Protein chains: 2
Amino acid sequence: MTSWESEGDRGSYHMSPDEFRRYGHDVVEWVANYMETVSERPVVSTVEPGSIRMKLPAAAPEHPESFEEILRDLDDIVMPGITHWQSPGWFGYFPANTSPPSILGELVSAGLGVQGMLWATSPAATEVEEVVADWLVELLGLPEGWKTTGPGGGVIQMSASDSTHTALVVARERAGVDIGRMVAYASEQAHSSIEKGARVAGFGHTRFVPVDEEFAMRPDALKAAIESDVADGLIPVVVVCAVGTTGTTAVDPVRAVGEIARLHGLWHHVDAAYAGTAMICPEFRHHQNGLDFVDSYTFNPHKWMFTNFDCSLFYVADRAPLLEALSILPPYLLNKATESGQVIDYRDWHVPLGRRFRALKLWFVLRSYGVAGLRHHVREHVALAAGLAEQIEQHPQLELVAPTPFGLVSFRHIDGDIATDALAMEINNSGWAYVTPSKLDGRSFIRVSIGQTNTTAEHVDRLWEMIEASS
Amino acid sequence: MTSWESEGDRGSYHMSPDEFRRYGHDVVEWVANYMETVSERPVVSTVEPGSIRMKLPAAAPEHPESFEEILRDLDDIVMPGITHWQSPGWFGYFPANTSPPSILGELVSAGLGVQGMLWATSPAATEVEEVVADWLVELLGLPEGWKTTGPGGGVIQMSASDSTHTALVVARERAGVDIGRMVAYASEQAHSSIEKGARVAGFGHTRFVPVDEEFAMRPDALKAAIESDVADGLIPVVVVCAVGTTGTTAVDPVRAVGEIARLHGLWHHVDAAYAGTAMICPEFRHHQNGLDFVDSYTFNPHKWMFTNFDCSLFYVADRAPLLEALSILPPYLLNKATESGQVIDYRDWHVPLGRRFRALKLWFVLRSYGVAGLRHHVREHVALAAGLAEQIEQHPQLELVAPTPFGLVSFRHIDGDIATDALAMEINNSGWAYVTPSKLDGRSFIRVSIGQTNTTAEHVDRLWEMIEASS
């Protein structure tokens, strides 16, 4: 008999603080146990489509169910359908890391349940966000003017897709009204979010600029594309530079692209969604040389900075055009602090109005790891990737398909697509590791992304043994 | 000495599962204590701009800090800057409720750290979301075809602003390419997210249609606006109907607007962000009569359904135009499940690519409360609002400015703006309650939103005593 059933026609169906205590402690144990056992679980769920759904009732329960029942179904029904992004054998896509301090930050944020849409609706939510955004300007070696105390500033958005879409909209608004003639530029290797963002923002045209042999945008090709479009009566509006493409972590030449952008009056947005985290180590910052010619920049602590999704930082060099594009103030949001002009109202920095206190988990992570801790783990991941790349390079049957500037190793079997696909499938069917099979210029290759919170040399060694044994 | 300092040149800076246990239990106690004391805290933070920021260091710490230090700063620095949306004295804006089962769902989701962008990247994340979206179709009395098993379907987005923006983009894409000539329609009382969404989506024109004496859109005025725009060579594309406006919870005539939308080929989107939750009670569903002439619909469990932000449901009657507008599939996201066409890939249902497992907290809430529990609390809030409205109506110095169909009471002092503003300020300065001072047709009024998770008759009585004493 549950606590609900025992009370008959109750006046409240809320779980009491004491029940929350009890189940909260249970869930903390559940999560800790998950952390301790995740490395033993098959990384990828092998359920069939519809099999989770089939086990769940077709309608919501009429009467309350006990939390014990809910946790039981979590174990029995949900968990078989979970693919374990937090496994140390996770080499797929890019990491989407969580970590203990981040989880605890999310817990506090959910408990407080504040809305940070305006400074006035919970001042600490805005000010802690300003502070961590400014800390990261220092940490990543971004221009000083990008701090909220300067003309620019940073804000937490949900994803790099949202950040990039925002940049495209601001660029579009700055350029005028003839959207159908506007052109957005990115490299052939740019993330799908650029194409999607440009389509969502209504751009008439998107150009995918050819890349060099290392899959980086060719400035001469960008220049030629812009000039050709201008000759055709179109309006070049924005160029997106990738620092670390999703395909192979290629690095577009930020400075050269920035010079062209400035010459032709384009907004210059940098997508460092994954690789931005590496910039906390000074030795990687040469990859983003030229930020003084950049208008906006995004990177995701929810990838490689041990902060769970969602947490994407979006910076602008000048916040005026951003606010001009996105500010609308209805009467029910009027307040003295906003009118004073002394505060930031983050609702004007993105599409959504509501916002939860996401800065808290990032603040917890930055303090709990310290800069030294973050650098240590990023350097470890990059060193492991470099080591694996070297082993692959020296193997007679394998070849790298792209450089390894950060934590991603891209390689294939020299016998071609069938051998490459078979190798990827063998790794993924092993159950303890997952890599992403992908395509480059129509040919198969394997992406090994080393950066999961819990991945160490032991796991990369084991992966290499399996690659070697199967090649 | 912290655990970090004691280990010197450590190999890992991660908090161990055992440390997570220890601090996790501390944070559960912290949140439970917060629940028990929130009613005693001054609802609105009175800190000065910059005062939180001033107490935080200008740079991230070089070395790890202990979790004890972090929690101490949470108490000492952050909490004074928190405005308590979870206080039972919260009558401001609309509620942004959290609840114990929701918090626990968020905790599990943060611990699992899965990415649900594709079905294949964690099947349970997608299938639980399908199930709860379908449950809510039943619960809210929405058309059967809006289930994911039909031609339509529901998806969790971050906010109603995002849902509405998505609807506007889909409508725009369906209409063609000449964005500058496109027109979006909503009432003069529509939420700012409509105007913002239309601007972000690039619409050349937004029309604010006049309302009747109850602040609901006038269908004859909509029809006239459309015909006038067509005569001027513009392209009417989309109309947004509010079921429960933010200003006064006015209800636009969904059926009449739908008939006009159908006649002129407009996309018809319904914004029930706040009031959608009331539809779990059949007696309120007459407010949304005519859903068979609706193309998309949004409501936010993160307002009144005890599920913490972010959790906005977005439904479409037909998912084909949505997917056509938003699907882009790069090679690194190819997979067999997607190719089979047997699964939903929710990334194609909104702008962002990444997505956390938000369905879990909603599933926890629906099961923990049961339908009976949700109905009980919604009915209680609406009854409290009706009671307060009656008291105001009978008071010689006060007058209602709008009907009270749900949980919002809108009223003013008959002596005018100065008396009304003074009354709002007196309530808000009391420290234990918060109402939103707003404007309607240029005149001040007070919004009392009754719907916070913990608000009961006791709190509304106390508010009324204060209103009466000051009027």
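Figure 1. A:Thr404 sits in the loop that links β9 (398-400) and β10 (408-413) of chain A; helices (H or I, at least four residues) and strands (E, at least two) are DSSP runs, numbered from the N terminus. The residue counts as buried because it has 23 C-beta neighbours inside 10 Å. The cut-offs are 20 or more other C-beta atoms within 10 Å for buried, 12 or fewer for exposed, and partly exposed in between, with C-beta atoms placed from the backbone. Leaving aside residues up to four places away in sequence, A:Thr404 touches A:Ala385, A:Ala386, A:Ala389 and A:Val409; contact requires C-beta atoms, placed from the backbone, to lie within 7 Å. A:Gly244 is 160 residues from A:Thr404 along the chain, and their C-alpha atoms are separated by 9.9 Å.

The model is predicted: local features need pLDDT of at least 70 and side-chain atom pairs count only at pLDDT 80 or more, whereas totals for chains, interfaces and linings use all residues. Residues are numbered from 1 along each chain as its sequence is written, while chains are lettered from A and ligands numbered from 1 in the order in which they are written.

**Figure 2. The open sheet of chain B.** Seven strands follow the order β2-β8-β7-β6-β5-β3-β4, with mixed pairing; two strands pair if DSSP finds at least two bridges between them. At the edges stand β2 (153-157) and β4 (205-209) of chain B, each with a single partner strand, so one side of each has no neighbour in the sheet. From one strand to the next the twist averages 20°. Angles run from 0 to 180 degrees between N-to-C directions, and axes are lines fitted to C-alpha atoms, for helices over the stretch in contact.

**Figure 3. Strand β4(B) and its partner.** β4(B) pairs with β3 (residues 182-187) of chain B in the parallel sense, over five bridges. One residue of β4(B), B:His205, is the bridge partner of B:Val183.

**Figure 4. Helix α5 of chain B against the sheet.** This helix (residues 123-139) lies across β2 and β8 (312-316) of chain B. Its direction is at about 115° to β2(B).

**Figure 5. Contact between chains A and B.** Chain B contributes 123 residues and chain A 123 residues. On the side of chain B that touches chain A, helix α1 (residues 17-37) of chain B gives the most, with 15 residues.

Conventions. Contact = placed C-beta atoms within 7 Å.
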